Amino acid sequence: MDLTQLRTFLAVYRAGSMTAGARQAGVSQPTVTQQLQALERRLGRPLFERLPRGVAPTPAADDLAARIAAPLDALAAAFGTGPAELAPAEPPVLLGGPADFLADRAIPSLAPLIAEGVRVHVRTGLTDDLLAALHAGGLDLVVATVRPRGRTVTAEPLCDETFVLVAAPGVAARIDRAALAADGPAALAGVPLLTYAVDVPILRRYWRHVFGVRLDTRPALVVDDLRAVLAAVVAGAGVSVLPDYLCAPELAAGGLVALLTPDDPPINTAFLARRPGMPARPHVDLVARRLRAAAAGW
């Protein structure tokens, strides 16, 4: 039996897609197709059902994976230079999440693992797109800003973030903050709103939770990275609602002003999502444990 074909099969089986499996195995997708076809001819049984997104293993694939996963992992560890859970043959962990959250919190917390040999490939974007990639096998872990639904993904709470309505001091000086607290967002008439998505999800939630009204103002600036939104607010472009961890330094230094301090500020929970029932991936487990441990101090 060709070990290369078995390794390729296991990569596709664990990744859930031909594309992700090829990336993890370090070969081209046509090579993956050729190797799987050769293995299927040898076994006389199909191994995967092609889906619109990714592949689904057949019972024959489940049986083969159960028999070869542990020996192949042990073989990779035996020829590695460190402990089994840090074996160089382990494919990179495919991590997705919001760019600002990953840059500010997740990636720095993974530095010790990366220094020890764990490889991590990061993809940023909006939660819906990242969860679709997780479903298709293109990602191993996703930091989601909403709780994923359905049985094909498991999710555990990771950390909470509090939302703050902020402006630069010069912009804040033009806003009647007493009227804002008493009468609501009418005091913001004419002040540009800055957001990371056209449907303004964070602002809509803040308006509904704090003011009890629906937000019907179109944003003046949309950029899909909250760090850029933060920069625009600091520069005086307008107001926005940002997570507290992201704007805390600017608030402490006086570069930003919190326009309101509600007794019950809106809070959002971030979740760590992954696909259930996948074969053991030591590095994925290491990254997940590290994120959970770091989140306890966030």
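**Notes on the predicted model**

1. R227 has a relative accessible area of 37% and is therefore partly exposed, where buried means under 20% relative accessible area, exposed over 50% and partly exposed in between, with a 1.4 Å probe and protein chains only. R227 forms a salt bridge with D225, the closest N and O atoms being 2.6 Å apart; a salt bridge here is a side-chain nitrogen of Lys or Arg within 4 Å of a carboxyl oxygen of Asp or Glu. D225, for its part, is buried at a relative accessible area of 16%.

2. Please keep in mind that this is a predicted model, in which local features need pLDDT of at least 70 and side-chain atom pairs count only at pLDDT 80 or more, while totals for chains, interfaces and linings use all residues. Residues are numbered from 1 along each chain as its sequence is written, and side-chain values use heavy atoms, with hydrogens and water left out.

3. By the salt-bridge rule the count comes to 6. One of them joins the side chains of D73 and R14, at 2.7 Å from N to O, and this pair links distant parts of the chain, since D73 sits in helix α4 (residues 59-78) and R14 in helix α1 (residues 3-15), 59 residues apart. R14 counts as buried at 8% relative accessibility, whereas D73 is partly exposed with a relative accessible area of 29%.

4. A further salt bridge is formed by D199 with R204, whose closest N and O atoms are 3.9 Å apart. D199 counts as partly exposed at 44% relative accessibility, and R204 is also partly exposed, with a relative accessible area of 34%.

5. A294 belongs to helix α13 (residues 282-295) and counts as buried because its relative accessibility is 17%. The C-alpha atoms of A294 and R105 are separated by 8.5 Å, although the two residues are 189 apart along the chain.

6. For the chain as a whole, there are 13 helices and 11 strands, these being DSSP runs numbered from the N terminus (helices H or I, at least four residues; strands E, at least two). The C-alpha trace spans about 75 × 40 × 30 Å along its principal axes, and 46% of the 298 residues count as buried. Among contacts (heavy atoms within 4.5 Å) between residues at least 6 apart in sequence, 73% join residues at least 24 apart.
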